[in-house]
Structure formats: C-alpha cells, structure tokens
Amino acid sequence: DDKLLTEPLRHPDFFNVKELFTLKDLFDARVHLGHKKGCRHRFMEPYIFGCRLDQDIIDLDQTMQHLQLALNFTAHVAYRGGIILFVSRKRQFCHLVESTARACGEYAHTRYWQGGLLTNAHIQFGPGVRLPDLLVFLSTLNNVFEPHVAIRDAAKMNIPTVGVVDTNCNPCLISYPIPGNDDSPAAVELYCKLFRMTIVRAKDKRRHSEAAEELR
Amino acid sequence: TLRLICTTTPVQRKNAGASGPEKYTDAFIKKQIEEFNLGKRHLANMMGEDPETFTQEDIDRAIAYLFPSGLFDEQARPLMKHPNEVFPEQRKIQWGEDGRPFHFLFYTGKQSYYSLMHETYEKLLNVQKHQDQLIAQDLPLQKEKRNLAGSRWLTKIELEEMLVEKVSDDDYSRFIQLLQKLVALPCADIEEKYIQKFSKEVPVQLQKVVIEPLQYDERGVAFSTGEGKRKTASATAVVYDNGTGKITVNGTDILHYFPVLQDREQLLFPFQFLGRIGKHDTVCTVSGGGRSAQAGAIRLATAKALRSFVTEKEVEFMRQAGLLTVDPRVKERKKPGQEGPRRKFTWKKR
C-alpha cells in the first residue's frame, strides 16, 4: 500500500500526460486568444506573447508547460482517491462541465456559490463532511467579472487549485494556473476532454496497481 | 482557547448546538427497521393477536392501551411508527464510508434541484439537436399543439415534496421558465413523457355541468325542471313542450301575480332570447324574497330548465348572455359607527 503511493512520486511524468495534447491542438482550439488590451490584468503580462490589433495573444509554450504540470497534479490527486470539484460560472458551459464531472466520477459546482460552502461546511452539510482535495476552475471569474470566491476560500482551507486564467483574470492565489482562453467553446471542450482523460487514466492505473498488488 | 479553522482533515468540536440536525446512516436506518419489526411481533404476542396481520392501527391502539397518557400534546405521547416515517428522508447522510458523496452535485448544497435543472436542460438540448436534424433533412417540423388550457404546472409545494428539499421562489420560477421554454419548441413531442411528470390536469369547469335529459309525463309531453335563487327567493320551474306560452306562478297566472311589467319581462326573457315565446308552458313555485327577487329566481329556474330543450351552442349563448349565472348580490350588512352599509353619519363641524 505504501509502495502504491510512493512509486508515482518518483517519476516526473508518471501518467504520461504530455502525449494527451500538442501545440497544434491548443492552437486549433483557439486557446491562445486573449481579451482586448484594455481588459489585460497586470499579473498576466508574463504569460502574454504579444498583442495584435489590440487583442492579446497568450504564449502557448508557457501554456504547454503549465498545462503539463496541472494535468500531472490532477492525475496524482485522482490516483490517490482525492475529491476533485470542477468550478465554472460560465452559463454557456455549465452543462458541459457538469457532464464532464459526472463522466469522471468527480464533482461539479457551476451554480451560485453560497458563502460558507468550504469555510462553514460542518454547519451547512453536517459533521464529518469530507471537503474537496482539489478545485479545478474552468473559468476563474464569476458573472460580474470578479475573481470567484472559491479561489480565496480554497486558499483559506489549504485546498490546492488548478485554474484556466484568461488575460483579464488574477492568477495570484491559484496553485497551478493555466494561462489560456476560457471563453471559446472549442477551448473549453478541449480542457474538459483533457481533464476527463487524465482523471480516467489515473483511476484506471490505480485499479490496475491494486489488482496487481492483490495478485502478489 | 485556540480554535482550529484552517485544516483539511476536520477536527470535530464538542459543541453540540453548533452543527445542524443530526444525520443518519443507511445501516442505522436498516437496524431501526429490524428492531421495529421485532417489536411489532412482540406487541402482537402481548395483545394476544396474530403477528402476521398486525396493522399500524392495531399498533396505535395497543400502545394507547398499554401506555395511557394524560398529556395534552399529541406529539409528546408514546409513539411506535415505521422508521421511514420517524426519521425524515432528508437527514440521511449523503456520503459513503470513504467520505466521497454519492451525488455528483453534492457540493452545490441543493443537489436534487440542480440535478433536475441539469436533466431538463439536457432534454432541451436533445430537442434542439433533433430539430436541427429535421431541418438538415428538409423534413417538416411537427406542429401538433399541446392542450395548454387543460393542464397546469406543479406548484412550489408539490415540487418541494417531489425533491425532498426546500426550493426558493426564484429557483421555482426559473424551473418553470425552463419548462415553458422546452414546451415552446416545435419538436417538444419527443420529451412528452418527461414533461408530463411536471404537469397536472385541470378539469375544465364547464364540463362538470351535466344537462339533464328530457322527461316525459303521462300525456307524452316532454318537460324539464329547473331551480333558481336570487337574494332570499328560491324558485322551481317546470317547462312543458307543445304549449301556448302560458306561465303559472304558485297557482296564479303571471298577470295577477306580477302586476308590474318589469317582472313579467324578466320571466319572458329566456323564451324571447331563444325565440320560443309561444311554444312552452311553465308551472312555477316560488317563496321568499321580494317582488323583483322572485322574478329573478324564476327567470334563472326557467333558463336552467330550457337547457334540456336546446342545442349546446345555444346553451353557450345563454351562458354568455348571463341567463344561467346565479346573481351573487345580497343585502350588505350594516356596520357599527355608520348609519347603513356604506352611508356614514352626518359630519358636523362642531
């Protein structure tokens, strides 16, 4: 059992997440498109490749690195049986995100975020609740273009976060930011597909390893 | 004292009042059901009755006999009911042994309501996809109109009962709007079964009114009876076919009973409306009220009796003319501090 948990941590890319996506895939899904120059957030400047006709273009090389780190982390969390909560406040993709979460066997929250969900969980749900071990943001902003409350709450409750940050978002409190477009349907579908594949892969690997251990 | 707040592995604080209502596990409920069944058999044994056919009423009677209580509050008396009724459905714990919740929308707080919205939106997308396929194949979209008049949506309370959790007014209105959007699409017939779960039949009021068939007396003449009320007067009228237009009230002719032209006009109005003035004979009895009230009561009674002689379309015309409506106006009571129902006392400046 101990070996099951320590073995994946020795390899930098145990679940081989690099093969799931290429730079061309990201470009075709329009991940590199950001918002206009006026909407740019100051802390996103390191991730921006350049600006064409007032529209920011995100550096896809950096995105590749960040995406690889984030997917690797989610795979490890899923391997260890952690609870993953998908959060997005974009109304267009609410159904897509919920279906993705259901397909993985994980959880989703694409509705109005009640204040004490994470910080006041014992009173809202009951004693003995298990909080999510990872929050995945498909869009860090809420419907009024402000940072989602869950980022701050997760930081308060020591829960790691993975989030897709667009050029108008604040990447500060997110542990594994992924600079990329969060508004195009193609981009969001690509992210959902990637997360789903990593989580399913990690869970399958866990089941195979446990079966192998039992056979011994 | 220090309070641990920022830990992921929760440390239970021994503050009984802070947490919400107690939650029950599945295993706990199962054990309670076993104990209840065993207790039921013991009780039947004690009362000398057959344990197999011991119903809930027998249990209540047995408990009332064995534990007589003089307490006034019904809920404070000793109780023995099936655990599913004692432990409310909502308070079951929603996560398994390893802590992972069962429902994928558990962390939203309102899992049943949001999963319902998710399902309904999925049906909507399905219908839109089907519509697009039909348009791509150039097939005509179905235009069968749903019967909107005979059905209503579930009320908020019925929805709360269905979902076993509280639904706020905004949430309910949003759900109804989504359902209406789904129904408005032309190809919504595919999801008819799903929509029927949330709509209820409302029986149209008119269909409840049964028009009695004609009766025949010894001479072979068709007749029909009707009853009418107006203010304090109540009347019964019997309308005979093949008549001369004679009307008898309480044994006397209308010319003698109603000297005033206005009252006689009221009596003749139903016949005049249908164009059957000289064709029917009427015999009425009336009591109570005054002159005008009795006239109105007889008018209503004759109109009701005439429904049996006449086609459904003409009945609808009569109803729209106001011949079949009971006049609800009665004398308004006098109020204290005023001279009459509306008239106030004369206002004196000094």
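A: Contact means heavy atoms within 4.5 Å. Leaving out residues up to four places away in sequence, B:Glu332 touches B:Pro341 and B:Arg342. This is a predicted model, in which local features need pLDDT of at least 70, side-chain atom pairs count only at pLDDT 80 or more, and totals for chains, interfaces and linings use all residues. Residues are numbered from 1 along each chain as its sequence is written, chains are lettered from A and ligands numbered from 1 in the order in which they are written, and side-chain values use heavy atoms, without hydrogens and water.

Q: What joins the side chains of B:Glu332 and B:Arg342?

A: A polar contact is a pair of N or O atoms within 3.5 Å; within protein, one must be able to donate a hydrogen and the other to accept it, and residues adjacent in sequence count only if both atoms are side-chain atoms. Here the two side chains are joined by a polar contact of 3.1 Å. The C-alpha atoms of B:Glu332 and B:Arg342 are 8.8 Å apart, and the two residues are ten places apart along the chain.

Q: Is B:Glu332 buried, partly exposed or exposed?

A: Buried means under 20% relative accessible area, exposed over 50%, and partly exposed in between (1.4 Å probe, protein chains only). With a relative accessible area of 35%, B:Glu332 is partly exposed.

Q: Which residues have the most contacts inside the largest nonpolar core?

A: A nonpolar core is a set of buried Ala, Val, Leu, Ile, Met, Phe, Trp, Tyr and Cys residues joined through side-chain atoms within 4.5 Å. The largest has 39 residues, and A:Val31, A:Ile84, A:Phe86, A:Val136 and A:Phe195 have the most contacts inside it.
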